Amino acid sequence: MPCDFGPPSAISDTGRSNAQRFAFRLVNAGNSLITATLAIFVEEVSLVYVAYDGDIEVYEVKTTNINSPTGSLLQTIDNVQSVQDIGWEEGSDNITITTDNQVFLYPLETCSESSSCVECTGEDSFPLCGWCTVEDKCSRRSHCLDSSQPGRWVQSSSECIFTAVSPAQFTLDSPTILHVTATPPLPNNLTYNCSFSAPGDKFTLVVPAIEVAAGTQYQCHIANVATFLDSVKRVTHFSFVSVEVGVPFATSENTLTIFNCSAAKSCVDCLGTEGACGWCLYGGICSGISEPCPGL
């Protein structure tokens, strides 16, 4: 919603004067002529746009006292000449900038340009942006599903979810239990899967995530899935996927190596699996190191 002192296009002469006076005190414009201002309140954040000297400066306002405002410069929209007006309609994702020869839209925020939780929630992040955890994206609160639920939308890097998975390699030829730690805890009231995917590859293995300790400890049971992998080795990343949303998130920084011993057709290929597989001399097949050779 527009603050009491703006925007210029929708307020009285007294309101317009107050907006300009507020902007003049907030910015260091010197003798420059402020040609347009906009003051809005969006999702509990106060923003002021000030046009002068061919640029538009965007501030987050901390104190809205007209006589002694305080705020911090968030960004500068460069090379916008002869700005006559800056406007915004509540609910819109853009502001409208009017110059002496054109009208164009400018995004209210560019949250989506941040590709990680740490980047999205860093010190220089835009105050409207936060990390939407289970959707794995940087967005405004209003663009994140169930953002009012704990852990679903965060603005501090200390709330970014990191995962640790052990062991770091396993075979599909014998049952394996992987242990996953999530820090901080995953959002509750959701059902999760374990997902293993290879970057740039269509290979994806998905199994249920079994919760062991509330939100922090999970197990992934791997059994009878050798047909998912048509090669001997895949280097993958682990991610959680909520059943409700279906988007991989909290992807592990370290890789996990998956071996499919039965796909190795020669002794050389079998023994090139970093000790995960063994070659059965009499059967002429490759099997998991913990699996007995046929006939023995």
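Student: Which residue does a disulfide join to Cys261?
Tutor: A disulfide is a pair of cysteine sulfur atoms within 2.5 Å. The sulfur of Cys261 has such a partner at 2.0 Å, and that partner is Cys277.

Student: What kind of model is this?
Tutor: Residues are numbered from 1 along each chain as its sequence is written, and side-chain values use heavy atoms, with hydrogens and water left out. Local features need pLDDT of at least 70, side-chain atom pairs count only at pLDDT 80 or more, and totals for chains, interfaces and linings use all residues, for this is a predicted model.

Student: Is the disulfide of Cys261 and Cys277 left-handed or right-handed, and how many residues apart in sequence are the parts that the pair ties together?
Tutor: The torsion about the S-S bond is about -80°, so the disulfide of Cys261 and Cys277 is left-handed. Cys261 lies in the loop between S19 and helix H3 (267–271), whereas Cys277 lies in strand S20 (residues 277–280). Helices (H or I, at least four residues) and strands (E, at least two) are DSSP runs, numbered from the N terminus. The pair therefore ties together parts whose separation in sequence, in residues, is 16.

Student: Is Cys267 buried, exposed or partly exposed?
Tutor: Buried means under 20% relative accessible area, exposed over 50%, and partly exposed in between (1.4 Å probe, protein chains only). Cys261 and Cys277 are buried. Cys267 is in no disulfide, the nearest cysteine sulfur being that of Cys270, 6.6 Å away. At 29% relative accessibility, Cys267 counts as partly exposed.

Student: Where does Cys129, the disulfide partner of Cys111, lie?
Tutor: The sulfur atoms of Cys111 and Cys129 are 2.0 Å apart, and a torsion of about -90° makes this disulfide left-handed. The pair links distant parts of the chain, 18 residues apart: Cys111 is in the loop between strand S7 (103–107) and helix H2 (117–120), while Cys129 is in strand S8.

Student: Which residue is the bridge partner of Cys129 in S9?
Tutor: Two strands pair if DSSP finds at least two bridges between them. Strand S8 (residues 129–132) is joined to S9 by 4 bridges, and the two run antiparallel. Within S9, the bridge partner of Cys129 is Arg140.

Student: Are the rings of Phe170 and Phe196 stacked or edge-to-face?
Tutor: Rings of Phe, Tyr and Trp (its six-membered ring) pair if their centres lie within 6.5 Å; planes under 30 degrees apart count as stacked, over 60 as edge-to-face and the rest as tilted. The whole structure holds 8 aromatic pairs. With centres 5.8 Å apart and planes at 65°, the rings of Phe170 and Phe196 are edge-to-face.
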